[in-house]
Structures are given as C-alpha cells and as structure tokens.
Amino acid sequence: MKDYYKILGVPRNATPEKIKKAYRQLAKKYRDGLGAKPDPIAEAKLKEINEANDTLSKPDKKAAYDKKIGNTGAQQKKQNQKSPPKKEQKPQPPPEVWIYSAAYSPDGKTFAVGGSDKTTRIFNAQTRERIHTLNKHLKSVRAVAYSPDGKFIVSGSEDADLYIWNVDTGVRLHHLSGHGASVRSAAYSPDGRRIVSGSSDNTVWIWDAETGGRIRTLSGSLGAVHAVAFSPDSKRIASGGKDNRIRIWNAETGALVRTLNGHRQSVESVGFSSDGRILISAGGDQTVRLWDAETGVSIQILRGHTQWIYTALFSPCGRLIASAGVDASVRIWNGETGEPIHTLNGNAQPIRTAAFSPDGTTLIAAGKGARIRWHDIRAYAPTPPPPSPPPPAPTPTPPPPSSFEFARQIQTDHTAFIASVAFSPDGRTIVTASHDKNVRLWDVETGDRIVNFTATGNSLLTRASHYGFAYSAAFSPDGRRIVTASHDKTARVWDIRTGSCVHTMTGHKYSVRSAAYSPDGRFIVTGSSDATARVWDAETGEPLRTLEGHTERVCTAAYSPDGTTIASGGWDQTIRLWNAETGGEVGSLEGHAPMTRSVFFMEGGRRLVSIDGDRAAHVWDVQTGELLRKMPIHTNGVTNAPVGTLSPCGRLVAVVGGDQNMRIWDAETGEQIDTLRGRNIVACAVAFSPDGQIAVAGHDRIIRFWRAD
C-alpha cells in the first residue's frame with residue numbers, strides 16, 4: 001500500500017493545514033515541469049500527489065486509510081515521543097503587522113484593508129468598526145479592490161492566489177489560481193467585467209470577474225509586476241514593476257501598446273486620472289511622474305519625497321494628488337499644476353498604501369503597525385479656475401499649390417555628391433554638405449558661394465570642414481549658426497559670419513548621420529551609426545543625455561514643434577519617440593520598412609511623416625501609433641533609398657530618389673500633387689524654403705530650384 005504521508009512529505013500526525021500546504025507546493029512544482037512536450041514521469045508523480053491529497057484531505061477517507069496502515073492515535077503519540085524535545089525558547093513578541101493595500105467602496109460606506117496578518121478586513125467607513133475579517137489566504141494580502149458596484153472584493157496574496165468575496169456576507173465566491181509567485185496588485189475594470197492582477201512571476205493576468213476564469217496572460221515584463229490599473233474606459237491596462245518601466249496594454253487583445261521609460265528604480269504605483277487623460281506613477285527613485293496617457297509623453301515630475309514612494313493617486317475629481325512612502329509623510333499636490341500644497345506629517349511609520357474617499361474629502365493612509373490614519377483634506381482642495389473663454393474660430397488653411405515649375409540652378413564647386421541641403425530661416429541662403437567633406441553656404445539669388453566652413457588651427461582640416469564625409473547640415477532657428485554631422489564621428493557647430501567652427505561635439509562611437517536644432521535653439525540632437533541619438537547643449541557643445549533603445553544605426557532625428565519630443569529612426573524598422581527633457585523613451589511606431597531615412601513632425605506634433613528605404617512616405621498618428629496612410633514613391637524597381645522633406649506649412653511632402661523624379665504629396669489627404677520629371681536628377685538631398693520653393697541636389701553637384709505656379 002502506498003504511503004501517502006511519505007508521498008506528500010509530511011509526518012503521520014500532520015494537521016490538515018500542513019497537508020494542504022505540502023500538496024500545493026508539490027503540485028505546483030510538477031505542474032510547472034509539464035512543458036509543451038509530454039513528460040510521463042511528471043504526469044505520474046502529479047497523479048500520485050493528487051491521490052494522496054484526495055485521501056488525506058477528506059476526514060472519512062483519511063480515517064479509513066489510517067486504519068488500514070495502522071496509523072492509530074497511540075502510534076502518533078509514540079511518533080511524537082520519538083522526536084527530540086525542543087529547546088525552550090524565550091517568548092518572542094508578535095511580528096508587527098503591515099497594511100499593504102486599502103480601498104474605499106464606490107458608495108463610500110465601507111473600506112477594506114489587506115495586510116501581513118493574511119487577512120482582508122472590511123470596516124464601516126462612518127463608525128470605523130470592523131464588519132468582516134476574510135481569512136482564507138495562507139500568506140500576506142498584498143492587494144484589495146472593490147468591484148464597481150461595490151458588491152464584491154478581490155484580494156491578492158503572497159500565496160500566489162486571488163479570492164473574490166461577497167462584501168455583505170464575507171463569503172468567498174471564487175478562487176483565482178495560476179500565478180507562479182506572489183500577487184502584488186489587483187484591480188477591477190470600471191465596467192466590472194474583468195480583473196487584472198500583477199505578480200512577482202513577471203506577468204499580468206486578466207480574469208473573468210464573474211467566473212474567476214483566466215482570460216489572458218500579458219508577458220514581457222523583465223521583473224516582478226508591482227502595480228496594475230485599468231483606464232476609466234476599461235480599454236487599457238497600465239502595469240509597472242521592478243524593471244523600472246511602465247507598460248500600456250490593450251485590455252481586449254493583450255497587445256503591448258507602448259512602454260514608458262523614465263523611472264530609475266522600481267515602479268510601485270500606477271493609476272489613471274478620472275478622465276483617463278493622465279497616467280500617474282511613483283516608485284523607488286523618490287519621484288511621482290505624470291504622463292500623457294495617449295502619447296506616453298512625460299508631462300511632469302514631482303519631487304519632494306526623501307525615500308521610496310509606494311503609492312501615488314489622483315483624487316476622484318482630479319484636482320489633488322496624494323503620495324506616500326517610506327519617509328512616513330503624505331504629500332498633497334495640485335493635480336492640475338503639480339505644485340506641492342501640503343505635507344501631512346504625524347505618521348511615525350512607513351506608509352504602504354493610501355485611498356481617497358469617493359467624495360474626495362477624506363484620505364486614509366496605512367503601513368507599518370496596522371494603524372490607519374484618516375486625514376480631512378477639504379482644506380487643501382484648490383479653487384477651480386474660471387471657465388476659459390471660447391477659442392477663436394480657426395483660420396482656414398489655404399489649399400496647397402497644384403503644381404511646381406523649374407526656376408533656376410546653382411552649379412556648385414563640390415567635388416563629390418551633395419548629401420544635404422537646408423535653407424536659412426529667411427530663405428536668402430542655402431547650406432550644402434557633401435561627401436567631399438566640405439560644408440558651404442550659397443546665396444540663393446545670385447548663386448555665389450558665401451562661406452566655405454573650415455576648422456582653423458588644425459592642419460588636417462585647413463581645407464575641409466570634416467575629416468570624413470559630411471552627411472547633414474541644418475540652420476539654428478535664429479539663422480546665426482549651422483550644425484553639421486559627419487562620418488568622422490563628430491557633429492560641428494559653425495558661425496555663419498566668420499565661417500569658423502564654434503564647437504566640435506564628440507562622443508559617438510561611429511559616424512554621425514544627422515544633426516538638428518530644437519525649436520528654441522537651445523539644444524541639438526544627433527543620430528549615429530552607433531545605434532544611439534544624443535542631446536547636446538547648443539551653446540556649450542556639452543553632451544546632456546544619450547537616447548538608447550535602437551538596435552541598429554540611427555539615420556535621422558528631429559524635434560517636435562513644441563520641443564518636448566524627439567523622434568528618431570534608422571535601420572531597426574522602428575521609429576522611437578523620446579522625452580526631450582529626460583531622454584526617456586515614451587513610445588514607438590512599429591512596422592516601418594527596412595530603414596528610416598527622414599522624420600518630420602506635422603500638425604503641431606500630433607502626426608509624423610517618415611521616409612523609408614522601401615520607397616514610401618508614411619504618415620503616423622503620434623498619439624495612437626497608428627499608420628494613417630502610405631504614399632508610394634517609386635514604382636519602377638529603383639533601389640536607391642529616397643530622401644524627403646516637409647513644407648513649412650506642414651502639409652506638402654517632397655520626395656526624390658534614384659528614378660530621377662520628384663513627387664509632391666498632400667500629407668493630409670495622401671493625394672499626389674505633382675511629379676517633377678527629367679533633368680537627370682540622381683538626387684540625394686531636398687529642402688523647402690520658408691516661402692515654399694524646393695531645392696534639390698545630388699550626384700551632379702547642382703542645386704536646382706522649383707517654385708509653385
């Protein structure tokens with residue numbers, strides 16, 4: 001006869017609790033061992049474990065089994081006597097209880113807390129008397145959340161399980177099992193249909209709130225998931241955790257929408273504002289961060305805490321933010337401006353959780369010591385601003401020109417093809433960068449060369465602008481300086497009046513493919529073959545931050561019109577979006593063709609135009625990452641990678657390539673406006689002037705100009 005006690009690894013006098021615990025640990029071990037391929041040994045062992053549990057967990061079966069094997073009470077007593085006597089230990093004080101999670105019911109009549117005592121406790125919010133103690137978990141309760149109708153509570157524990165409870169009766173309704181490690185967070189969807197949980201097993205799970213069945217697993221986190229939240233419309237899920245990143249998921253499909261980078265230590269809290277427009281997060285780097293929930297752009301960083309922050313949340317109306325953590329303080333911030341309003345001291349112990357009452361008048365905070373503090377915060381609510389005047393009627397956008405005609409040309413003295421052209425802000429001059437290593441300035445009207453930029457004081461550069469090919473040139477917004485990028489691994493800043501080099505920016509490991517100024521002229525962004533983009537101080541030439549995330553060379557980088565976002569693209573088939581202030585990645589546009597040659601923002605930064613190596617121009621919605629339209633450039637199989645530019649009005653896209661034609665597109669409609677044919681243009685560079693004329697240059701070292709009819 002099988003010894004079921006030996007199979008489960010418990011003594012014959014084991015209590016039902018010990019038998020249950022041993023079974024769960026062994027069952028999990030062998031279930032995890034079952035992979036995609038059949039494993040007869042693991043399956044047989046799991047079957048044996050289930051038989052043992054089925055026999056020993058039921059009193060009638062256990063009694064019959066004990067009788068068969070002679071496991072009588074006398075023998076159990078004898079077995080206990082064989083055990084060596086335990087050493088007498090001094091009485092230890094009971095461990096201090098922590099409260100890890102707190103939540104108000106939607107009607108504000110009750111609130112619940114979960115803690116290290118393995119229980120979920122429900123209290124009357126008015127009298128503060130305990131109503132129920134829910135105590136089925138085997139380890140600390142890390143998460144509690146109410147359903148939208150207030151009838152149910154979900155609790156998540158370090159025992160890797162979640163339970164759904166009836167609030168009125170305290171009866172457990174469903175057991176949600178499957179996580180491989182501690183459940184650290186849980187939330188109901190606002191529509192009440194689903195539950196989301198985050199776990200130390202590095203996954204996010206979505207459950208059916210009615211049945212408790214698992215719907216989907218969201219994988220991809222590189223560490224334990226400490227925080228999860230649904231958006232108010234139930235369409236998105238935010239998660240954050242030990243890998244310092246926040247991920248936004250599509251709640252219906254489970255697809256990863258975007259990843260937010262910025263926190264430098266573990267993310268402990270995430271949540272949405274009541275209108276869903278802003279995402280709030282906090283963590284170990286002692287900061288509270290606000291993000292645009294649609295674009296993922298970092299809006300603001302709130303600093304003031306001196307230690308790890310465990311919780312940050314909006315008040316129901318969104319006009320206040322509360323944050324708390326290890327420094328035992330609760331900080332109240334203006335939810336609209338981010339300005340600090342008040343610090344609630346008096347909590348002597350670290351705080352792990354906080355919750356606003358539904359009416360926004362009370363804040364509860366708790367942590368070490370199981371003590372719950374109530375704070376009346378009505379005095380700190382900011383006065384709502386007066387209503388804004390109605391916006392002025394929009395100015396109608398003039399229609400784009402229907403065609404262009406050839407105007408004139410400039411024969412340059414470059415000795416190799418021209419890789420880049422750019423107009424000055426006033427349109428009177430144009431700069432060229434060439435593979436002959438030179439950068440030169442030309443008068444647009446006369447065609448005369450004005451400046452040949454050379455770095456004085458260096459014998460190797462007395463006749464050239466760079467040591468290697470010059471790839472890119474761009475004017476500063478005030479037109480006084482030019483920044484260039486080169487194969488010699490440097491970017492250089494030049495003075496227009498003197499033609500001398502002001503700064504040489506070094507640090508990239510391989511060639512610098514592009515360089516561009518920020519709209520205010522204070523910064524420069526460069527893209528390099530070392531798979532990074534870098535931000536520099538335009539006045540001093542000092543490096544400020546490195547944008548890392550691309551896996552192949554970066555060919556292009558550009559600022560948004562408001563200067564808050566940088567877009568970069570290259571050979572890894574991805575356009576990445578960065579917070580210009582912090583350098584954190586705030587989004588990506590996936591699905592680009594083999595390489596990205598150019599990127600341009602349009603419509604105030606809401607949309608992005610990209611030119612790729614697949615001979616097409618793309619228009620993207622920056623907020624959603626959706627590809628709105630694709631405009632083909634060549635149809636005759638020409639393999640030369642095209643280049644393009646965006647008109648000053650932000651509506652026309654001009655693209656040239658190896659088929660010697662230039663095509664003009666309306667980026668708003670996707671319609672082709674014009675095709676400029678002939679003239680044997682093997683073009684490598686194109687630019688719009690401020691007044692709308694187009695300059696094209698390339699292998700024949702001639703700059704050609706077209707004007708709108």
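On a 1 Å grid over the protein atoms alone, a cavity is a set of points where a 1.4 Å probe fits but cannot get out, and its lining residues have an atom within 4 Å of a point. The model is predicted, so local features need pLDDT of at least 70 and side-chain atom pairs count only at pLDDT 80 or more, while totals for chains, interfaces and linings use all residues. Residues are numbered from 1 along each chain as its sequence is written, and side-chain values use heavy atoms, without hydrogens or water.

**Exercise 1.** Find the largest cavity and describe its lining.

*Solution.* Start with the count: there is 1 cavity of 30 Å³ or more. Next, its space is about 40 Å³, a volume being what is filled by probe spheres set on points joined across faces, edges and corners. Now look around the largest cavity: the lining includes Ser221, Val225, Lys242, Asp243 and Arg247. Strand 14 (residues 236–241) gives the largest share, 3 residues; strands are DSSP runs of E with at least two residues, numbered from the N terminus. Finally, sort the lining: 2 nonpolar, 5 polar (Gly counts here) and 4 charged.

Terms used: On a 1 Å grid over the protein atoms alone, a cavity is a set of points where a 1.4 Å probe fits but cannot get out, and a pocket is an open set with protein on both sides within 12 Å along at least five of seven lines; lining residues have an atom within 4 Å of a point. Helices (H or I, at least four residues) and strands (E, at least two) are DSSP runs, numbered from the N terminus.
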